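Keep the structure in view and find each residue as you read.

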Amino acid sequence: FLLINPEDNSVSETLSWLVAAKNPQTMSHEVVVLVSDTMWNGLIYRQFIYSKVWFIISLMFFMLGQAILPKSDSAGELPCRLGILFSRLLIYCVTMCRLLYTHSKFCLRAYREGETMTCLRCLKVPSYLRDPRDSGGFLLMLLLMMMCALEPLFYCLPEISDFPSYDCPAAESLSWEYSVFCMGAMAIHWLLLVDISVFSTGLSAFVLVIGQVLSEMTRFLITLVWLLLTFGSAISVLEHPYFEMRDIPNTAIALFSITIRLYEDDYRNMLAEPALLATVFVFVTASAVVLLNLLIAQINCSYVYIYQDMVGFARLNRADVICETLEKATAKTWLNFVDTLQLDVPLEFNEGDVGLAGGIQVLEPSGLHPVTEDSILRFGGSSALEMPWPEETGHHEDEDRYHRISKMLKSVLKNVGKSTKPKKAAVAAEVYNSQSSESVLSGSSPE
């Protein structure tokens, strides 16, 4: 039931329910680990590689056409310019169009079925964009579309004498905007390759720890920005001749440099302005002393929490990838995978000891769980009704042994109880006699 729906041999939804529960302890259970590893090694591993092969090739061509060939010494030669043209056309015609088709289909389905969420209190966006991978792919699509609209090669097409060219007067005014979109697309390309970490449980767990630490860094940066704006605006209205803190932007930059210890000036230059020096010291106490140490403590606590269930979170991430890949797999692919499991073949407990069918056999080292005595009783011969089973000898020896031990323990406890009763009575009588003698000396009668 965890792997296959017995009614029609389709994919069981149990694993998707476990992923939705987001419980790392459950995902670390031996049975769940066996099911997820069986799916991963038998089916998902190849499907996941095939889905990432083109993305890796796309990244290679993207780097070739944007970061390698244009920066080489032979960038102005014809072979190099043809390589740049081919790489960029491949990115626009294949990668961008593929992302555009995929996200257009998902967006139309989401709006048609009403699977949307509210963004900025008024904008309806598809709910599938909650997934960081999907939202990253959507942002990459937008950046590639902006790059295609600002592509210098297209603006330089009229110059037939130097075709293909990406350095012409018509493209100079758009070169900076194009480089900004190109930088963002390059960064997102690399970030989307983080999914490959699911191949290793340890690497996937490390990536999850980094994500948890980044959430703590976000809170720290929000608080730090608030402190910079507060003290920057306060210092900017103070009358002082210090040039580096003349207005709010320069004051905020100077205070941030002080926080990360990159400020080149000296505090002794502020000795002539006590109010300014005192304000800077208060900011340093709040940011460098309190806020940074609080960040270290939060990161430490988050790491301890994640480390306890690190493998469970990693397996939860892999199970999520398994469920997403199974949604894209065809019925024929799934049935071929089920046939490779050979669930109709009886399993062997030992060599020649045939058991039941419908399971997955897992081998373990012979010394992992040693058994000194076999608990299965085996009899040879015919199973005819007129031939009775032989009498069982020695089968109840363990039960008789345990019964004798429990009977001996009961008798010992009973004897110990009898021996302690006279001692308790003697002690009580002695206490009573001492109380009586004290009451006679004091003139009172014992109760």
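The model is predicted. One patch is positive, and the other is nonpolar.

**Positive patch**
- Five names to find here are Arg98, Lys105, Arg109, Arg112 and Lys328, which form a positive surface patch.
- Helix H4 spans residues 78–113 and gives the largest share of this patch, 4 residues.
- Arg109 lies in helix H4.
- Is Arg109 buried, partly exposed or exposed? Its relative accessibility is 37%, so Arg109 counts as partly exposed.
- Partly exposed covers the range between the buried cut-off, under 20%, and the exposed cut-off, over 50%.

**Nonpolar patch**
- Leu89, Phe154, Tyr155, Leu157 and Phe163 make a nonpolar surface patch of about 410 Å².
- Where is Leu157 found? Leu157 sits in the loop between helix H6 (152–155) and helix H7 (169–172).
- Leu157 has a relative accessible area of 40%, so this residue is partly exposed.

**Ala187 in helix H8**
- Ala187 belongs to helix H8, which runs over residues 175–191.
- Ala187 is partly exposed because its relative accessible area is 40%.
- How many residues apart in sequence are Ala187 and Leu140? They are 47 residues apart in sequence.
- In space, the C-alpha atoms of Ala187 and Leu140 are 9.4 Å apart.

How values were computed. Residues numbered from 1 in each chain as written. Predicted model: local features only at pLDDT ≥ 70, side-chain atom pairs only at ≥ 80, totals over all residues. Heavy atoms only, no water. Patch = residues over 30% accessible without salt bridge, like charges linked within 9 Å, V, L, I, M, F, W, Y side chains within 5 Å. Areas by Shrake-Rupley, 256 points an atom, 1.4 Å probe, with all protein chains shown as cover. Salt bridge = Lys/Arg side-chain N within 4 Å of Asp/Glu carboxyl O. Lys, Arg positive; Asp, Glu negative; His and termini not counted. Charge placed at Lys NZ, Arg CZ, Asp CG, Glu CD. Helix = DSSP H or I, 4+ residues; strand = E, 2+ residues; numbered from the N terminus. Buried < 20%, exposed > 50% of the residue type's maximum accessible area, 1.4 Å probe, protein only.
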